Amino acid sequence: MISNVLSMAQSVIPPVCITYYKFMDREVNDVGVIVSGYDDGITIYANVHPVQRSVYQDYGLDFNKKYIKVFAQKNVIDLDRDVSADKIKYDGEMYQVHNKTDWKRYNGWNSFLAVRID
């Protein structure tokens, strides 16, 4: 029997509200710059944790940036060739999905690393 581990964890550690912005398309603006387009954003519930600086080197992360780890029952798009990643807004700050661990087909959720972009 497959159980949803995230749902069980969220019964003990309450999730928080974040705003999820799905990547829609890329267009060239009037001055020739490629601009990514996103939907209006929806509220989803997720567990959000800071990434400790002690693991930045192990993960190959930039010490000048801020990262969070997110666990959510949402399929997200991470950075990929010729595709912009989805974005989230958490605690008043905008983040871009950096990479995800896809548990969606096995357990109904994803975890992903996000980097602050504002």
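## Salt bridges and ring pairs in a predicted model

K66, E93 and R116 are linked in a network of salt bridges. This is a predicted model, in which local features need pLDDT of at least 70 and side-chain atom pairs count only at pLDDT 80 or more, while totals for chains, interfaces and linings use all residues. Residues are numbered from 1 along each chain as its sequence is written, and side-chain values use heavy atoms, with hydrogens and water left out.

Let's begin with that network. A salt bridge here is a side-chain nitrogen of Lys or Arg within 4 Å of a carboxyl oxygen of Asp or Glu. By this rule the count comes to two salt bridges. One of them joins the side chains of K66 and E93, at 2.9 Å from N to O. This pair links distant parts of the chain, with K66 in the loop between α2 and β5 and E93 in strand β7, 27 residues apart. As for the names, helices (H or I, at least four residues) and strands (E, at least two) are DSSP runs, numbered from the N terminus.

R116 forms a salt bridge with E93 too, and there the closest N and O atoms are 3.0 Å apart. R116 lies in strand β8 (residues 110–116) and E93 in strand β7, so this pair ties together parts that are 23 residues apart in sequence.

How open are these residues to the outside? Buried means under 20% relative accessible area, exposed over 50%, and partly exposed in between (1.4 Å probe, protein chains only). E93 counts as buried at 17% relative accessibility. K66 is partly exposed at 37%, and R116 is partly exposed as well, at 34%.

Now for the rings. A pair of aromatic rings is described by the distance of the centres and the angle of the planes. Rings of Phe, Tyr and Trp (its six-membered ring) pair if their centres lie within 6.5 Å; planes under 30 degrees apart count as stacked, over 60 as edge-to-face and the rest as tilted. By this rule the count comes to three aromatic pairs, including these two:

| Aromatic pair | Centre to centre | Angle between planes | Type |
|---|---|---|---|
| F23 and Y38 | 6.0 Å | 75° | edge-to-face |
| Y56 and Y67 | 5.2 Å | 90° | edge-to-face |

Where do F23 and Y38 sit? F23 lies in strand β2 (residues 23–28) and Y38 in strand β3 (residues 34–38), so the pair ties together parts that are 15 residues apart in sequence. F23 is buried, with a relative accessible area of 11%, whereas Y38 is partly exposed at 21%.

The pair of Y56 and Y67 also links distant parts of the chain: Y56 is in helix α2 (residues 56–59) and Y67 in strand β5 (residues 67–72), 11 residues apart. Y56 is buried at 3% relative accessible area, and Y67 is buried at 4%. Ring pairs link Y56, F63 and Y67 into a cluster.

Strand β5 also holds K69, which is partly exposed with a relative accessible area of 25%. The C-alpha atoms of K69 and V115 are separated by 9.1 Å, though the two residues are 46 residues apart along the chain.

One last spot is about the backbone. Most residues other than glycine have a negative phi. D91 has a positive phi of about 55° although it is not a glycine. D91 is found in the loop between β6 (87–90) and β7 (93–102), and at 65% relative accessibility D91 counts as exposed.
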